[in-house]
Amino acid sequence: MTVPTPAALDGVDVAALHGRLAAHREDLVADLVAYAEHETPSDDVALLAAGLAHLESWVGERIGAPRSRALHRSDEYGDVLELEYDGTGDQLLTFLAHYDTVWSAGTLADWPVRIDGDRLSGPGVFDMKAGLVQAVWAVRALREAGLPCPPLRLLLNGDEEIGSPFSRPLIEKAAVDAAAVLVFEASADGALKTSRKGVGLFDVHVRGVEAHAGLDPTAGASAIDEIARIVRTLHAATDLAEGTTVNVGVLHGGTRRNVMAAAATAGVDVRVARLAAQDRIDELLGSLRPHDPRAEVTVQGGWNRPVMERSPGVAAMYALAHRAGEQLGVDLRETSVGGASDGNYVAAMGRPVLDGLGAVGDGAHARHEHISIAGMVERAAVAAAVISAFAHR
């Protein structure tokens with residue numbers, strides 16, 4: 001299975017698809033508002049279940065009943081819903097879209113969904129509820145236009161914002177036989193995301209020897225002194241030219257100011273742009289040793305998401321989307337970002353991935369989160385063209 005060349009879009013009237021979607025602009029808006037008004041925080045299983053039930057019903061209304069359905073239940077995290085649709089040809093496409101958000105239950109009470117001209121704001125609209133609306137309407141537009149659509153697999157997960165601990169194996173399984181994977185995460189200032197950094201989350205623990213700081217200081221081995229030295233070592237591993245950042249964002253330690261600390265912990269966030277850098281950080285963490293031999297250092301955690309490198313398959317997917325944008329008079333840019341997504345997992349499997357195909361807007365995880373309605377229509381048309389290309393082979 002290979003990614004179609006941009007020439008596969010020569011017979012696709014992307015402008016006509018855009019016009020068809022523009023005629024449904026108010027429907028797209030209404031669908032997004034209804035979705036955003038279902039709060040779906042990652043840590044509330046009941047709200048996640050209600051949100052997913054709404055989505056399943058809505059998807060069925062917009063593009064019909066799936067050929068197959070699988071609901072993967074979790075008591076601790078949001079359930080994962082997998083829907084498969086028949087299509088033209090044998091080039092299966094997998095769509096990834098998470099339905100959880102970072103916003104706590106009750107956020108809508110003081111920050112309701114609002115529309116102001118082209119701007120639609122509200123919790124989760126940019127990251128990434130608009131993206132799913134665009135994906136479904138892209139398929140709907142192809143069907144209304146009588147254009148071929150390949151077999152599709154839609155996977156909705158409710159734990160992406162906390163690292164996809166439950167859904168990761170399901171995501172990887174859903175991608176293994178796919179010709180390509182479309183990730184409807186938000187764009188980056190309008191640009192598609194052709195590379196993402198890998199993310200490592202680690203905790204460095206130091207066990208020291210407690211003692212009275214004034215009466216018998218030599219009897220103790222301060223865990224805080226040790227962790228301070230380690231923090232400097234970790235921060236020195238940052239290499240901006242390489243695309244690597246190491247940040248100790250949380251420190252805990254000690255009990256009283258006159259007690260030499262018996263324990264301390266550093267919470268570490270690592271971002272790497274290359275697999276070689278990931279290996280370098282692993283080696284550094286494994287080499288941490290205490291300055292005082294009476295202390296002990298242990299490291300817990302691991303790589304939350306692998307690096308998403310700009311592979312030939314990713315580049316080919318971008319070229320396809322770029323050609324679709326050209327037919328609309330839009331120069332679709334590409335970029336590399338420090339944040340990770342579920343696209344990291346499937347890219348690490350060697351699958352062609354197109355990420356950042358979702359909303360045009362700004363404010364992920366912030367109170368100014370918003371999307372462009374015109375951008376939603378535009379990107380739905382681009383997605384429809386890319387999808388259709390896989391049925392023209």
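Which residues does Ile 387 touch, not counting residues up to four places away in sequence? In this predicted model, the list runs to Leu 93, Phe 95, Ala 138, Val 139, Leu 142, Cys 149, Pro 150, Leu 152 and Leu 182. Ile 387 also belongs to the largest nonpolar core, a set of 75 residues, and is among the four that touch the most other members, along with Phe 95, Leu 182 and Ile 371.

Next comes the largest pocket, with a volume of about 460 Å³. Its lining takes 25 residues, and those closest to the pocket's centre are Asp 127, Glu 161, Gly 339, Ala 340 and His 365. Helix α5 turns up again here: α5, β8, β9, β14 and β17 each supply at least two lining residues. Sorted by class, the lining has 10 charged, 8 nonpolar and 7 polar residues.

Then there is Asp 342, sitting in the loop between β15 and α10. Buried means under 20% relative accessible area, so Asp 342, at 4%, counts as buried. Its side chain makes polar contacts with the side chains of Asn 157, at 3.0 Å, and Arg 305, at 3.3 Å. Leaving out residues up to four places away in sequence, Asp 342 touches Leu 96, Glu 160, Ser 164 and Ile 171 as well as Asn 157 and Arg 305.

Conventions
Residues are numbered from 1 along each chain as its sequence is written. This is a predicted model: local features need pLDDT of at least 70, side-chain atom pairs count only at pLDDT 80 or more; totals for chains, interfaces and linings use all residues. Side-chain values use heavy atoms; hydrogens and water are left out. A nonpolar core is a set of buried Ala, Val, Leu, Ile, Met, Phe, Trp, Tyr and Cys residues joined through side-chain atoms within 4.5 Å. Buried means under 20% relative accessible area, exposed over 50%, partly exposed in between (1.4 Å probe, protein chains only). Contact means heavy atoms within 4.5 Å. On a 1 Å grid over the protein atoms alone, a cavity is a set of points where a 1.4 Å probe fits but cannot get out, and a pocket is an open set with protein on both sides within 12 Å along at least five of seven lines; lining residues have an atom within 4 Å of a point. Grid points are joined across faces, edges and corners, and a volume is the space filled by probe spheres set on the points. Helices (H or I, at least four residues) and strands (E, at least two) are DSSP runs, numbered from the N terminus. Ala, Val, Leu, Ile, Met, Phe, Trp, Tyr, Cys and Pro count as nonpolar, Asp, Glu, Lys and Arg as charged, and the others, Gly among them, as polar. A polar contact is a pair of N or O atoms within 3.5 Å; within protein, one must be able to donate a hydrogen and the other to accept it, and residues adjacent in sequence count only if both atoms are side-chain atoms.
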